[in-house]
Amino acid sequence: MSTTQPSDAIKPRKSLILNAFVEMCSGHQSPGLWRHPEDESHRFNDVDHWVELAQLLESAKFHGIFIADVLGGYDVYKGPKNLDPAVVSGAQWPVNEPLAVVPAMAAATKNIGFGVTVTTSYEQPYHLARRLSTVDHLTKGRLGWNVVTGYLDSAARNMGQAEQLHHDDRYLLAEEYIKVTYKLWESSWRQDAVTLDRERGIYTDPAGVRQINHVGKYFNVPGPHLCQPSPQRTPVILQAGTSKAGKTFAAQHAEAIFVAGHSPAVVAKNVREIRELAQSEYGRDPQSIKFLALLCPILGKTEEEAVEKFEYFRSLGSIDGALALFGGWTGIDLDKYGEDEELRHVESNAIRSAVEGWSKATPEVAKWTKATVGRHITVGGLGATPVGTAAQVADSMERWVAEADVDGFNLAYAIKPGSFKDIIDLLIPELRKRGLFWDDYAVPKGTYRENLYGQPGQSGPHADHPASKYRWNAGVDASEAVIPDN
């Protein structure tokens, strides 16, 4: 494990964006690690657990907490419709709804942001827009929405459907869905509509509230929005899909994109293509889209200590749980493969980018098989798992920046909160020494968007973001603030 740092002459150093990557379940990306005597992820039902985590991460100046979610069980492995491997191993089962805990974490903190995963496939946009506006108010503008279309048929069945919509059709629905939310958040209310005029008895100026009258293929929403404009109006738009349809959606709408792969080579092409598409097709500044790679660092004060820790983690991990997760992510049942049979690229209605990534050999792994996939996922899940000292892991992070052009990382855990404490005690001081991580929030008590971009006053999306063209600003007559796409 080399400690040679990449040359600064290749690209200027970026100040990294760091999010903690979690889910309201036990283990999350490392199935079976709840068996570790120091793991507390099993406390996910306890609000104090989440408050303590938010305070810990804010003390280290993490930009945000990225909360994943699923609406069904992982039932592809040893399937069909077999939940047992996930249930026994605790592979994202059981799992709670994530948005509910955000206000409690926000009440105990002042700066850290909260990115929450909510799918567009099973909830009306009028209802979700209200819920997200409410939490953006309660957090003083520290909310992000990870826009996903879903990938589990088990979720679709529980929502009254035989199976999910086809992969690309889910993105067509999501495209209309997000435009409805833009209209509700940005066009339905003038920024200064709430006057609280006690003398005249006017709480809200009726001239500052209007219907959006959206009529589309999937949704008919007259409006108006139930909530007055929140601090950000549109929460930070996060996204995670890098299929062809996912790239098109991301290039238009995403402000931060979550990428996952076992090496920089797996994601570099996707990063480059999305930046190019954003600029050429949608007129956006490609550098305004922030890419965050999934990483689960295993740290020690020495390399030997880190390796020993990693081997212990792996001994506790559940192979069945890992393969259950893989089945859900890709739609591929590896129970049908021999232990050393090479993984094939197949068409999938789940996460297509995951299938593409896992079917590619890399310098680190010459051949992905049932055995190598299972071992890899037990510690760190979909992403890379660098093992070593703080200097070695920081080298790895610099390599990701240099080779894949990412802007930061979603940091997963092997054990919680122990992995995050190692990151705080060992890795972050090394990153700061290299000038790769800030000393404090750029905008104290600012919105999530202000601190994501390090730009005071940037509470709403950038001017080149599609949501910005929907905004009904203060003092503007309704006739001059036309709602786009009507």
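This is a predicted model: local features need pLDDT of at least 70, side-chain atom pairs count only at pLDDT 80 or more; totals for chains, interfaces and linings use all residues.
Let's start with the layout. The chain splits into domain 1, made of residues 17–303 plus 384–470, and domain 2, which covers 318–378.

Now look at where the domains touch. On the domain 1 side, 30 residues make contact, and they meet 30 residues of domain 2. Together the two domains bury about 2,500 Å² between them, with carbon and sulfur atoms giving 57% of that area.

What about polar links across this boundary? Five residue pairs are in polar contact between domain 1 and domain 2. There is also one salt bridge across the interface. You can find a salt bridge between D320 and K78, where the closest N and O atoms are 3.2 Å apart. On the side of domain 1 that touches domain 2, the elements giving two or more residues are α2 (84–89) and α6 (167–187).

Finally, zoom in on N410, which belongs to strand β14 (residues 408–411). Is N410 buried or exposed? Its relative accessibility is 0%, so N410 counts as buried. Setting aside neighbours within four places in sequence, the residues in contact with N410 include N19, F21, F66, F258 and the run L292, A293, L294 and L295. As for G383, this residue is 27 places from N410 in sequence, and their C-alpha atoms are 9.5 Å apart in space.

Technical notes: Residues are numbered from 1 along each chain as its sequence is written. Side-chain values use heavy atoms; hydrogens and water are left out. Domain bounds come from an automatic or database domain assignment. Contact means heavy atoms within 4.5 Å. Buried area is the accessible area (1.4 Å probe) that two parts lose on being put together, summed over both. A salt bridge is a side-chain nitrogen of Lys or Arg within 4 Å of a carboxyl oxygen of Asp or Glu. A polar contact is a pair of N or O atoms within 3.5 Å; within protein, one must be able to donate a hydrogen and the other to accept it, and residues adjacent in sequence count only if both atoms are side-chain atoms. Helices (H or I, at least four residues) and strands (E, at least two) are DSSP runs, numbered from the N terminus. Buried means under 20% relative accessible area, exposed over 50%, partly exposed in between (1.4 Å probe, protein chains only).
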